[in-house]
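The exercises below ask for a careful reading of one structure, each with a solution worked in steps. Please look at the sequence and the model before turning to the tasks.

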Amino acid sequence: MDFLLECIGFPPDQSLDDLVDLVRVRGESAPWRGKPENHRRFPLVDGLELRIDREDEDAPWSILPHYQTNRRLRIAVDDIRAVPDSRFDALLIGWAAPPVREDDDGVANLTWHKGSTATAHAPGAYAISTYLTDARRLPNQVPHGLVLAVSIAGFALDVSYIGDDAGASNTTFHERDDGAAIEPLGGSTEPGGCADVSLRIQEVRSLVNPLTGRAFDRIETIAPERPHTLFVSRWQLEADDLSPPATGLRIEGSFLFTGRLAGGLPGPKQTARGAFG
């Protein structure tokens, strides 16, 4: 996953050892992880940071980008799975933007079941999966259908198209008023927490990586309930002769989604019904 760093302005020939050394010396402890010396973060710009992790002192380092956003997406839980090689992460599988239903007494029901509402291609909920980097905040038992608030962002594994709607290869977005198509990748050979997306670009903001001086883009896309924030590699776009992202165009590709919990967890005396604030 080293190429994901290209999405935030690190060139393909960037020394990963140098980055690990920098974060170890100048970084700070990553929240909700393990030992501070094995789990560290280094803020870059505008909510973006580097994360380095290792399970113990003899294990190799992993280094990944992370985006701290205050935007909260509601996700109804289908399943939460442990990540075998990272005990401080979890894979959340569920349905984003589920409709809020009210009980007979007018109180919002904050559990949801996919069989009772629309499919992913109709207005309303759509399937999604994402890695959670603060899985230690989760209780031992999470009720099926509990609606969590999650802050997530997508980093490009591969971008296949940027252009107008007419040239798009994914046509399922025509079935939704919001023009969004998000389809989680599945199967035993596919990476978890990833999705194929076809989304209209709402805004593009150019940022500069303070360590490399290289520019990169933060892309806001139109999606149900909340926009999705995406990051792409300018090097990949240039190599594949793709148009740069711009407002009004459509972007298609495969993205890895990561994030953190932002609400919806039951308190010590709360039930799932009253947990989300």
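## Exercise 1: Helix 1 and its surroundings

At the start of helix 1, a side-chain oxygen of Ser-15 comes to within 3.2 Å of the backbone nitrogen of Asp-18. This counts as a polar contact, that is, a pair of N or O atoms within 3.5 Å in which, within protein, one atom must be able to donate a hydrogen and the other to accept it, with residues adjacent in sequence counted only if both atoms are side-chain atoms. The model is a predicted one, in which local features need pLDDT of at least 70, side-chain atom pairs count only at pLDDT 80 or more, and totals for chains, interfaces and linings use all residues. Residues are numbered from 1 along each chain as its sequence is written, and side-chain values use heavy atoms, with hydrogens and water left out.

**Task.** Determine which residues of helix 1 are buried, and against which strands they pack.

**Solution.** Step 1: helices (H or I, at least four residues) and strands (E, at least two) are DSSP runs, numbered from the N terminus. Step 2: with buried meaning under 20% relative accessible area, exposed over 50% and partly exposed in between (1.4 Å probe, protein chains only), the buried residues in helix 1 are Leu-19, Val-20, Leu-22 and Val-23. Seen down the axis of helix 1, these buried residues fall within an arc of 160 degrees, so they line one face of the helix; the arc is that of the directions from the helix axis to the C-beta atoms. Step 3: the exposed residues Asp-17 and Val-25 are carried on the face turned away from that buried side. Step 4: the buried residues of helix 1 pack against strand 2, strand 3 and strand 4, where contact means heavy atoms within 4.5 Å.

Step 1: Leaving aside its neighbours within four places in sequence, Leu-19 is in contact with Leu-5, Phe-10, Gln-14, Leu-50, Ile-63 and Leu-211.

## Exercise 2: The sheet under the helix

**Task.** State in which order the 4 strands form the open sheet, and how helix 1 runs relative to strand 2.

**Solution.** Step 1: the order is 1-2-3-4, with antiparallel pairing, and two strands pair if DSSP finds at least two bridges between them. Step 2: strand 1 (28-29) and strand 4 are the edge strands, each pairing on one side only. Step 3: strand 2 and strand 3 run antiparallel and are joined by 6 bridges, and His-39 stands opposite Asp-53 in strand 3. Step 4: helix 1 lies across strand 1, strand 2, strand 3 and strand 4, at about 100 degrees to strand 2; axes are lines fitted to C-alpha atoms, for helices over the stretch in contact, and angles run from 0 to 180 degrees between N-to-C directions.

## Exercise 3: An aromatic cluster

**Task.** Classify the ring pairs that link Tyr-67, Phe-155 and Phe-231 into a cluster.

**Solution.** Step 1: rings of Phe, Tyr and Trp (its six-membered ring) pair if their centres lie within 6.5 Å, and planes under 30 degrees apart count as stacked, over 60 as edge-to-face and the rest as tilted. Step 2: the structure holds 2 aromatic pairs. The rings of Tyr-67 and Phe-231 have centres 5.3 Å apart and planes at 70 degrees, so this pair is edge-to-face. The pair joins distant parts of the chain, with Tyr-67 in strand 4 (residues 62-67) and Phe-231 in strand 14 (residues 228-231), 164 residues apart. Step 3: Tyr-67 is buried at 7% relative accessible area, and Phe-231 is buried at 0%. Step 4: the rings of Phe-155 and Phe-231 have centres 5.2 Å apart and planes at 15 degrees, so this pair is stacked. Here Phe-155 in strand 10 (residues 147-163) is linked to Phe-231, 76 residues apart, and Phe-155 is buried at 1% relative accessibility.

## Exercise 4: Positive phi in loops

**Task.** Locate Asp-46 and Ala-97, and decide whether each is buried, partly exposed or exposed.

**Solution.** Step 1: most residues other than glycine have a negative phi. Step 2: Asp-46, though not a glycine, has a positive phi of about 55 degrees; Asp-46 sits in the loop between strand 2 (39-45) and strand 3 (48-53) and is partly exposed at 32% relative accessibility. Step 3: Ala-97 has a positive phi near 55 degrees, lies in the loop between strand 6 (86-96) and strand 7 (101-102), and is buried at 8% relative accessibility.
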